[in-house]
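Dear colleague,

I am passing on a structure that you have not worked with before, and below it you will find notes on what turned up when I went through it. Please read them alongside the model itself.

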Amino acid sequence: MSRSRKGSKKASRKSQASSKPSANRKPVALTAEQVSSAIDPIELPDAELEHLAAAMSQRHANVMRVRRDRAPTFRLQPSSSGSDSRTDVPWYPLAVSIPDGFHASRSIDFAAGEFYLQDAGSLLALAAAEAHTGSLAGQLVCDLCAAPGGKATGLLEAIGDDGFLLANEPIRSRIAPLAYNLSRTGSDRYAISCEDPDALAEKLPGVFDTILIDAPCSGQALLSRGRQSKGAVNESMVATNAARQQRILAAAHLLLRPGGTIVYSTCTFAVAENEDQVDWMTRELGMQPSPVAALCDYQSSLTECGYRVWPHRDGCAGAFAARVKKPGDVDASEDSVEFVEDPWLLRRGVLQSEQPLDPACDEVLQSVLGAFPENSTDKDSGLLRQRDWIAEAFCKGAPEWVKQAWTIGPEVAYRTGQTWKPSHACALRHVDDEFAKGAGRIDLDDAQAATYLSGGTIPTDRRGWQIVQHLGRPLGWVKADGRIGKNHLPTHARMQVSPTNG
Ligand SMILES: C[S@@+](CC[C@H](N)C(=O)[O-])C[C@H]1O[C@@H](n2cnc3c(N)ncnc32)[C@H](O)[C@@H]1O
């Protein structure tokens, strides 16, 4: 097995763990005075400051952000879980709270990608981007600080079948969980880059319609999860973060096309990292405030286009989000985007390294993706690539610029030893006219799905690579020999389904 694959497993395991409340970390408590100076110059009555200080050291349960394409029919399986799928996060209608007694992260629904688990505060940024309304459909979107992908997955769902997401994360060790989480959406309309924002802006100036900057910050809202120390409220920590945020925002401004939108968010309370950054964008970058009418109940007293949710008022860890626009006409530059139109470019082809596709890889791809046309010749400009024994393939209509900024794409196959196997991400990918046509599909009932998710085999008289699915939702691969299907679920995706869930 290649080194990169080992690395990705380790990192992906971490990402699963981080989506659950961190039970072994102790919350860090602040006094009302410390809180007051952290949020200065925002003034709150003394009694409210006490409440805020207490709520900042209290753990808030995650909520389930329901996958957008499934939201209209979302109902937890099995039906005994008791959820009526109501909206529980006032600022984000696609989220529901976890019903009592339901072990969300140990459910078949979770494995099937039905929802993403996150703090309700994280959803403020998606609300500011209006990711739940359909207004991002078809857009070119960049998530500039994307790992581990809590918001990027929401953006990917929001751009639909015609948009494209570049999820950028400069810290390489954080890329694997990001890739895993993006693949869980079933969409292939993304690429991942690993660039410093300045370097990315040099490669892709003026490209994006919308950019999310969920900035690295002092993380004061993470105190309750024990994921930040008291140092989070130190002035020097806040100042260092504010300076870095400004550099990222300046790069984002260059990446944005005229008329495009920046959504800026943090999980901290310090004004220097929040409202002051909005002020700086309007003064120094010429950005215009772009208020979000639906968030008026959460408007910051210091800026017309910035919003806050608070631990003591809103039952979450707390967050800030703001929306600004670049002056200009968004339609004016639309024609400058070139798209890859030939879907076969995405199935065949080579590779930045100019090496031909390994025939063994080709064979697996043909067996799981379907037959290729005999006369497919366009290998040189293809967007299918072998990288460190991993093959990736982009969707039809990926923008041409992807070739300049692409570090990781949607994975379709990988090699262990001398054998090529289809990737987990490839099983989860939406089925379209061309994709995953060659693979058979086996329907599993609840008990079989639980066995499969824990690593067990599946009885079947089929042969070859098969995608197993539960209620039509793909869970992963088995390789069948006419008697059983051997489990090919990656270790990091395995789980013991909780018996109390049904
Ligand atoms: C708050 S986290 C993003 C969380 C993510 N948006 C989500 O919802 O899961 C900030 C991310 O920014 C990354 N980062 C650190 N320095 C950065 C820089 N100079 N430019 C862009 N991103 C940076 C961090 O590695 C981290 O993954």
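**Around the ligand**

The ligand is surrounded by 18 residues, of which the closest are Cys-145, Ala-147, Gly-150, Lys-151 and Asp-214, where a residue counts as near a molecule if its C-beta atom, placed from the backbone, lies within 6 Å of it. Two or more residues of this shell come from each of helix H6 (150–159) and helix H9 (235–255); helices (H or I, at least four residues) and strands (E, at least two) are DSSP runs, numbered from the N terminus. By class, the shell holds 10 nonpolar, 3 polar and 5 charged residues, with Ala, Val, Leu, Ile, Met, Phe, Trp, Tyr, Cys and Pro counted as nonpolar, Asp, Glu, Lys and Arg as charged, and the others, Gly among them, as polar.

Please keep in mind that this is a predicted model, in which local features need pLDDT of at least 70 and side-chain atom pairs count only at pLDDT 80 or more, while totals for chains, interfaces and linings use all residues. Residues are numbered from 1 along each chain as its sequence is written.

As for the chain overall, its secondary structure comes to 16 helices and 20 strands. An automatic or database assignment divides the chain into domain 1 (9–18 + 121–325) and domain 2 (339–399 + 409–437). Their contact takes 10 residues from domain 1 and 11 residues from domain 2, two residues being in contact if their C-beta atoms, placed from the backbone, lie within 7 Å. On the side of domain 1 that touches domain 2, the residues divide into 4 nonpolar, 3 polar and 3 charged.
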